[in-house]
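Biologist: Could you walk me through a few parts of this structure with me?

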Amino acid sequence: MFTKQWRIAALAERFPQRAFTSLAHHMDAQWLMSAYLMTRRDGAVGIDGQTADDFASDVNANIQRLQEEAKSGHYRAPPVRRVHIPKGDGRTTRPIGIPTFEDKVLQRAVVSLLEPLYEHDFLPCSFGFRPGRSPHHAIKSVWEGLSSMGGGWVIDLDIQAFFDTIDHQRLREFLQQRVKDGVILRLIGKWLNAGVMEAGQWQKGEIGSPQWGVISPLLSNFYLHYVLDAWFEAEVKPRLRGRAFEVRFADDAILAFSNEADARKVLEVLPKRFARFGLTLHSKKTRLVRFRPQREQRAETFDFLGFTHYWGKSRRNRLIIKRKTAKGRFQRGLKRIAWWCRRYRHLSIFEQYRMLRRKIQGHVAYYGIRGNMKCLQGFRYRVERLWIKWLS
């Protein structure tokens with residue numbers, strides 16, 4: 001697989017404007033087997049109830065059948081199973097779609113085929129669900145960009161129900177700018193139109209891309225690449241008076257400007273730009289932040305990827321940009337710990353200690369960045385108090 005991906009990447013670099021008409025021939029039995037090995041086996045099951053072990057019981061025959069159905073056009077994409085998970089506020093839920101295991105394998109194969117092609121097209125400002133990039137890279141890019149400008153005006157973008165409002169027709173138009181392989185386009189079209197199954201009722205999928213689908217992150221990435229990234233880089237930045245940069249992780253993005261007038265003009269244009277492609281910016285959550293160091297009064301802050309960015313003093317009494325765990329994420333983590341301590345207090349103390357230690361390690365693995373020690377210590381202390389409470 002890696003050799004073929006390297007060839008696709010080389011062709012994408014050599015022909016940056018070409019739409020590729022022959023990609024599916026790479027997707028042979030060996031390619032699908034590699035996709036199967038990369039698919040998670042502990043995920044939730046789809047509407048057919050098939051588990052990874054069921055698929056593995058006759059893996060070679062299943063791979064061969066999947067390949068023949070995909071290339072002949074006989075493959076029927078089953079609806080995704082819709083479930084609702086609570087959001088961070090604990091009051092609302094977020095709908096997600098769970099594909100069948102076979103669907104996950106085939107989607108992984110298509111993602112592996114398209115990823116090297118679009119990696120050449122995607123801009124450095126995009127960090128979400130890309131090889132070798134993580135939320136920490138995006139957070140570091142924000143810190144470096146704002147530090148080099150000495151602060152600025154930040155547009156904190158919030159797209160309302162992004163995954164549920166992606167326009168299928170626009171998505172196909174964007175896709176066909178680089179891919180015109182009939183097999184690949186047909187498969188993606190079937191996944192988009194498969195619909196969802198909820199409480200035994202089927203609902204047609206006319207817009208949107210279900211979250212948790214293996215191919216959904218890639219589809220959302222190149223949708224926003226054309227809607228936001230390429231537009232901002234090619235059309236917006238050349239017209240600005242000052243410096244500007246963008247950092248985006250999936251549908252979370254910030255635009256930073258050194259000039260206030262530039263920021264206000266772009267903020268005025270953004271809703272029209274997104275509406276043109278069927279997207280809506282959240283009127284209350286999308287805001288312009290004056291992120292400038294101020295000694296006389298407290299400067300404004302903004303949250304990005306679970307971190308609050310703010311101005312603070314260094315050991316040498318200089319104003320610098322610092323990051324700390326966002327208040328909502330901090331409280332959400334403690335709520336989950338409290339629920340776990342209450343639910344599993346029947347376990348032995350050693351088992352509880354072992355699991356809580358793993359949970360704290362997971363929290364520290366994400367939020368353990370420079371300057372955030374106070375929040376990490378506070379989180380550990382609160383977890384200890386919660387554990388003692390439920391042990392009592």
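**Strands and helices in contact**

Modeller: Keeping in mind that this is a predicted model, I would start with β6 (residues 244-249) and β7 (residues 252-257), which pair in the antiparallel sense over six bridges.

Biologist: What do β6 and β7 form, and how many residues lie between them?

Modeller: They form a hairpin with two residues between the strands, and A250 in the turn has a positive phi of about 60 degrees. Within the pairing, A244 stands opposite F257 in β7.

Biologist: Is β6 mostly covered or mostly uncovered?

Modeller: Mostly covered, since six of its six residues are buried. Both faces take part, with A244, E246 and R248 buried on one side and F245, V247 and F249 buried on the other.

Biologist: Switching to helices, at what angle do α7 and α9 pack?

Modeller: Helix α7 (residues 168-176) and helix α9 (residues 216-236) pack at an angle of about 85 degrees, their axes being 10 Å apart, and that makes α7 roughly perpendicular to α9.

Biologist: Which residues meet there?

Modeller: From α7 there are R170, L171, F174 and L175, which meet L219, F222, Y223, Y226 and V227 in α9. By class, this contact has eight nonpolar residues, one charged residue and no polar ones.

Biologist: And the sheet with β9, in what order do its strands come?

Modeller: The order is β9-β10-β11, three strands in an open sheet with antiparallel pairing, where β9 (302-304) and β11 (319-325) are the edge strands, each pairing on one side only. The twist averages 40 degrees from one strand to the next.

Biologist: How many bridges join β9 to β10?

Modeller: Three bridges join β9 to β10 (residues 307-313), and the bridge partner of F304 is F307 in β10.

How values were computed
Residues numbered from 1 in each chain as written. Predicted model: local features only at pLDDT ≥ 70, side-chain atom pairs only at ≥ 80, totals over all residues. Heavy atoms only, no water. Axes fitted to C-alpha atoms, helices over the stretch in contact; angles between N-to-C directions. Helix = DSSP H or I, 4+ residues; strand = E, 2+ residues; numbered from the N terminus. Parallel < 35°, antiparallel > 145°, perpendicular 65-115°, else oblique. Contact = heavy atoms within 4.5 Å. Nonpolar A, V, L, I, M, F, W, Y, C, P; charged D, E, K, R; others polar. Pairing = 2+ DSSP bridges. Buried < 20%, exposed > 50% of the residue type's maximum accessible area, 1.4 Å probe, protein only.
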